[in-house]
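Below are some notes on the model you sent. They are arranged as numbered points, to be read beside the structure.

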Amino acid sequence: MGAIGSVLSSSMLLYIVRRILWGAFLLVVVSALTFLIFTVFPSADPAALRAGRQATPELIAQIRHNLGLDKPLYVQYWLFAKGIVLHFDLGYSYQNSVSVRSQIFTRLPVTLSLTAGAFVIWMIVAIPIGVISAIRRRSLLDRATMGAALVAISAPVYFLGLVALFLFSNDIGVIHLLPGAGSYTPLSESPWRWFTSLLMPWCVLAAAFAAFYARMVRGNLIDTMGEDYIRTARAKGLSERRVVGRHGLRAALTPVVTMAGLDIGILLGGAILTETVFNIPGIGRYAYDSIINSDLPAIEGTVLFGAFFIIAANIFVDILYAFLDPRVRY
Amino acid sequence: MSALTWARRDRGVGRRRIAVTAALLTVIVTAVGAAAATAGGRQAGGRITVLSAGDVDHIDPGQAYYSFTYEISYATQRPLLSYRPNSINAIPDLASAMPKYSNGNKTVTVHIRPGVRFSPPVNREVTSADVKYAIERGFASSVANGYAGAYFGDVVGAPAKATKGVPDIKGIRTPNKRTIVFELKRPDGIFTGSLGLLMTAPVPREYATKYDSETTSTYGMHQVSTGPYMIRNDASGNINGIGYKPGQLIDLVRNPNWSAKTSWRPAHADEVLFKEGYQDPTVMTRTILSGSADVNGDSPPPPAELRSIMSDSSERGQLHFTPSGGSRYIALNTSKPPFDKLQVRQAVAYVLDRNAMRLTRGGAIDGRIATHFLDPSFKNQGFAQAGGLGFDPFPSAGFRGNVAKAKALLRKAGFANGMYKGPQVTMVADNSPPGSNTAQVVAADMAKIGFDVKTISVTHSTMYTKYCNVPKNEPNICPNVGWLPDFHEPQAVLNVTFAGNRITPVNNSNWPLLNDPRINAAIARATTIVAPNARWAAWGKVDKMVTQSAAAVPWIWENFPTLYSKHVTPASELWNSGAPDVTFMSVSGS
């Protein structure tokens, strides 16, 4: 208790409160901007879309009224913001009148599954490759892995996803190996089918991240291995494995952890391309469908949700840093 | 289906791009018909899996409007009339016979079948009062059916605008449990066609009232069925999250209260699963070819896949083409210069290279080049009366445009040397192919006779709802518009799109803003003719008049492809642009 108390000093608490308030303010800005972009810039009229081609102007006006779109913009935004703050109510879809909150929460486990699995894969792949490349700089292995990393970073997810489907899916693939698009099965229904249905999306989503992280680990480790304390460790007679693993890697991985926190935050907001290519019913595909249908409440909901995760990850990382380095609290 | 404008069919990614040559078309349509005709001998059981890119427009049958939604709701609901797969002619469904007209065609009487029951949890037998309520609720603001006014607005006592609560329409009477009578203000040539719309599918008042009394009705999420299938639900009737997961799936299971004795639909399969979210049409196509799914629901195979399938003799038979029943056209704004002048519009009609425009959508496989608005599937129901394939007021070799003729017309319009001189003209077009490519062809062709076209590129739905459907925002040219009929009646093609009295300040579908007294009079006359042959002749004449006005330049009678897996017996709805009729399809080996 005493240790925690000393860590959570008043300056630290103040810092945390400040960061959280700043995060809340950012969420307000994000929601206002999304609202503004949707309403001010040319986009389809949701009332007309909902009404259909034969509807009279009076009927469209009625639908606009039902949806609350006839109110002044500031009132619309105020009602929306009030709903979120007081009831955590993200509104109802213009398209099917289903609660946006329920849709997002229904889809959250799907996106969580996708993100978590991809994260595990990209870290398992990236760290060893980065370390080996750093230790064996300019070797054939280093050049090969870094070359491959460049390809993986350059390949867009939708391209890689389609290639993977056409090669390895058990319906349209050349090699019938894994379930294809639209095969997602919830973990609660069948753990094995859940695992196999996500294996390909995990690998595709992880590919670019793994490549990027491998390059980052490599670069960081090369820098770290040039530090004086590494030379000292070697001079003390420690084995190279111990020098790299205990002293070099620890320091080299700190920025990686920071970056991973942010990336997970972004992905929890929805891996739009991966979910769309593999037809995974997560938040990313919901966001995509909402944009296509000009469904403002759903767009607002998914954007806010994504922003929340990114901001939360940022705050978490900032607080972590504040613990590690007291200078950032001031 | 229904007001199947391309505006709606193109929702999201779903673009029905394709078609076929005339000879192939004839063969294939005949094949579909033959296949459907053998329905009686098919095997029962199994599951049909339909893949789609998007979701339904409305899950509530009383709001449903577009093709994909009809594909599903026609399997769960029984409107008074509906269609066999290979037919464009409505026949009795919930009705026991075709409607009877009397009182100078102003009274329409329909008798309904006995023994039709609602699915659980309602379970009781359907009465005519349920049909009356179904139509009336369409006028309520909580349901706000988009076509209620257009097709049932002539019923005596029909509200002019949406009402708070479900109105009691005096012109719809139910003298007994099996009879419903419609009193019309005037004879209506397409009232019979209107009775095939889902708005006439019965809804039990005592069950639906609590949902319909909400600001936006949630009856759709608790709907009951009368058709062979129902959306999987729980004991309370809720389908949300059970048989309907928006954007993910719609699961149809057998309606335990449906009796085959009351229906001509065979309903072979035990289950029909609509899997949504297949945004990549190539993946969707190959999934069907692989046999992992059975048919495409709302979006067609892409042109490259179509060509590949057509060139493979082992796969060719799986592809079925159906005429769309409508056309795509270039709308020229007649309400302001320079297209307020007939000769300038006709010059544009001459200069457009319709062959190049068709190539932007895949070429000949996409359909026949249109020379007027009623497509060949109307046959002697207006198409032949308009002059059939022989009617082309703006001919050119290979449909590649005739610059000399265009220049001659411009000279007559007062432009020296036949080149347009005047302000830049505006065009609002799709920002993605194939629409954007079509717009480029239009701009390039018009440049040949001096037009400087400024193109504003937006999404397809924005093009409609913010520009081309709003007269005050309307540009000079809308190059990506088109219209599919709600059912095969020429009026459903030509009335809302070209009648001057249908121009509205928003949601306007008379894109050329055509308001020609001569054409208006011809349309007004045609809408009241109930006798089929006279009606079709009148509409054929309207088609000719509109085409000659060059207010809009039709360029393709598009056909829609439906791809079936080898595991199913195909059945396409000819009246619904080729949508699969899951109540007639069967699974082999089940």
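1. A term is needed before anything else: a helix here is a DSSP run of H or I with at least four residues, and helices are numbered from the N terminus. By that rule A:Arg231 belongs to helix H10 of chain A, which covers residues 228–235. Please keep in mind throughout that the model is predicted.

2. Chain A as a whole has 14 helices and zero strands. Read from the N terminus, its elements are therefore α-α-α-α-α-α-α-α-α-α-α-α-α-α. The C-alpha trace of chain A spans about 85 × 60 × 35 Å along its principal axes.

3. Of the 330 residues in chain A, 42% are buried. Taking contacts in chain A between residues at least 6 apart in sequence, 66% join residues at least 24 apart.

4. One helix pair in chain A deserves a paragraph. Helix H6 (residues 100–135) of chain A packs with helix H11 (residues 240–268) of chain A at an angle of about 150°, and their axes are 11 Å apart. How do the two run relative to each other, roughly parallel or roughly antiparallel? Angles over 145 degrees count as roughly antiparallel, and H6(A) and H11(A) are therefore roughly antiparallel to each other. Their crossing is right-handed.

5. Which residues make this contact? H6(A) contributes A:Thr111, A:Leu112, A:Thr115, A:Phe119, A:Val131 and A:Ile135. From H11(A) come A:Val244, A:Leu249, A:Ile264, A:Leu267 and A:Leu268. In the contact of H6(A) with H11(A), nine residues are nonpolar, two are polar and none is charged.

6. Chain A also meets chain B: 39 residues of chain A are in contact with 45 residues of chain B. On the side of chain B that touches chain A, the elements giving two or more residues are helix H1 (6–9), helix H5 (148–152), helix H8 (281–290) and helix H14 (460–468) of chain B. That side of chain B divides into 15 nonpolar, 24 polar and six charged residues.

Note on methods
Residues numbered from 1 in each chain as written. Chains lettered and ligands numbered in written order. Predicted model: local features only at pLDDT ≥ 70, side-chain atom pairs only at ≥ 80, totals over all residues. Buried ≥ 20, exposed ≤ 12 C-beta atoms within 10 Å, placed from the backbone. Contact = placed C-beta atoms within 7 Å. Nonpolar A, V, L, I, M, F, W, Y, C, P; charged D, E, K, R; others polar. Axes fitted to C-alpha atoms, helices over the stretch in contact; angles between N-to-C directions. Parallel < 35°, antiparallel > 145°, perpendicular 65-115°, else oblique. Left-handed = near helix turned anticlockwise from the far one by under 90°.
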